[in-house]
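Subject: Structure handover

Hello,

Here is the structure I promised to pass on.

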Amino acid sequence: RKKLKAFAALFTANFMPQIQRVYLSQIEGYTSGRAWMSLRIRGLVAQFLSDCVKDKAAWKLLKPHTEGIVAHFIFPQMCFTAADQELWEDNPVEYVQKRIDPLDDFGSAVVAASNLLIDLAYDRKQATLSTILGFINGVLATYAQAAADARDPRAKDGALSMMSSLCGLLVSRKSPVAATLPDFLLTHVVPEFTSQYGFLRARALDTCCRYSGVELPDKQATRRILESVLAMLNDPELPVRVHAALALAPMIEDEDMRSALAASLPQVMQVFLNLTNQIDSDTVTHVIEQFVEVYADQMAPFAAQLGQQLCDTFMRVMGDV
């Protein structure tokens, strides 16, 4: 163990700075359009930079580049891409599995970029958080102020994706922006429930779900969100329907919302049954389990069909092993 520590110290002091300089040069070439980096390489570079954030000496070299890395390296990877659109249209089931089941997309460039963003915000909060939030706010403001036909929906998706990644920090007791989160949700997230772009509707649902603990200024706003989510259970796009189902999970933890949801239980359970027939996902199954636990007394009409559906899903999964 002592030898390993000695090697780690030697590597950190003598090799890491040289590697870091090469990587930063490669990033500069990539972001300026002078060099090409594959998705795999971008993911590995992001993982390496995450380690650099945690090391004191490596951070000193990385710190001056933070703003550019956030804006030109992390942000583009967190935006909805042409490849995402192709997968959404050609294989929406695979798209959903990659987005909602992290292990299905483990090691991807998107996940690595998100982890790098989180490490910057958490481990170097004083130096980076205001810069990160300022960038996100700039993207959201540009989108909101532009004419409808001049807006970039993929940039809006990237900004909301970044906010989703940072939710754990931003909703904490010590969050410097906790008081602004209700306005963020009502101004930049909820309006996208009716976006003409399916991927933005899905992103808005995901962001709203992650910030479900934020208390809105009045009950009517909360009720309107619930009504919108219920409406999107019938969205023509599968990923949107899945995200709408997932967004209901935190809502049933609230007593008022639980009572309001009870009236729509037949519709909700039918959607759940349909989804389990379309996609095998532990995340969706967990939501069903939550509903069964909360609404046990009202589940009798669905018990046989739900049991059969889950059995069929299990047999299908076992058949693929």
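First, the ground rules. This is a predicted model, with local features needing pLDDT of at least 70 and side-chain atom pairs counting only at pLDDT 80 or more, while totals for chains, interfaces and linings use all residues. Residues are numbered from 1 along each chain as its sequence is written, and side-chain values use heavy atoms, with hydrogens and water left out.

Pockets

The largest pocket holds about 780 Å³ of space. A pocket here is an open set of points on a 1 Å grid over the protein atoms alone, where a 1.4 Å probe fits, with protein on both sides within 12 Å along at least five of seven lines; lining residues have an atom within 4 Å of a point. Grid points are joined across faces, edges and corners, and the volume is the space filled by probe spheres set on them.

The lining of the largest pocket has 31 residues, and Arg99, Ile100, Arg203, Asp206 and Arg210 lie nearest its centre. Helices H4 (66–78), H6, H7 (109–123), H9 (153–165), H12 (198–210) and H14 each give two or more residues to this lining. Helices are DSSP runs (H or I, at least four residues), numbered from the N terminus. H12 gives the most, with six residues. By class, the lining has 15 nonpolar, eight polar and eight charged residues. Nonpolar covers Ala, Val, Leu, Ile, Met, Phe, Trp, Tyr, Cys and Pro; charged covers Asp, Glu, Lys and Arg; the others, Gly among them, are polar.

The second largest pocket has a volume of about 450 Å³. It is lined by 19 residues, with Ser212, Val214, Glu215, Thr222 and Asp254 nearest its centre. H12 and H13 (219–232) are the elements that give two or more residues here. H13 gives the most, with three. This lining divides into 11 nonpolar, three polar and five charged residues.

Helix H6

H6 spans residues 92–100, and Tyr95, Val96 and Ile100 are buried in it. Buried means under 20% relative accessible area, exposed over 50%, partly exposed in between (1.4 Å probe, protein chains only). The three cover an arc of only 105 degrees around the axis, which puts them on the same side of H6. The arc is taken from the directions from the helix axis to the C-beta atoms. Their cover includes helices H5 (82–90), H14 (238–248) and H17 (282–294).

Salt bridges

There are 10 salt bridges, each a side-chain nitrogen of Lys or Arg within 4 Å of a carboxyl oxygen of Asp or Glu.

Arg203 and Asp157 pair at 2.9 Å, N to O. Arg203 lies in H12 and Asp157 in H9, so the pair ties together parts that are 46 residues apart in sequence. Arg203 is buried, at 10% relative accessible area. Asp157 is also buried, at 1%.

Asp235 bridges to Arg201, with the closest N and O atoms 2.8 Å apart. This pair links distant parts of the chain: Asp235 sits in the loop between H13 and H14, and Arg201 in H12, 34 residues apart. Asp235 and Arg201 are both buried. Salt bridges that share partners also join Asp157, Arg203, Asp206 and Arg210 into one network.

Glu28 and Arg34 meet at 2.2 Å, N to O. Glu28 is partly exposed, at 41% relative accessible area, and Arg34 is exposed, at 60%.

Best wishes

Technical notes: Contact means heavy atoms within 4.5 Å.
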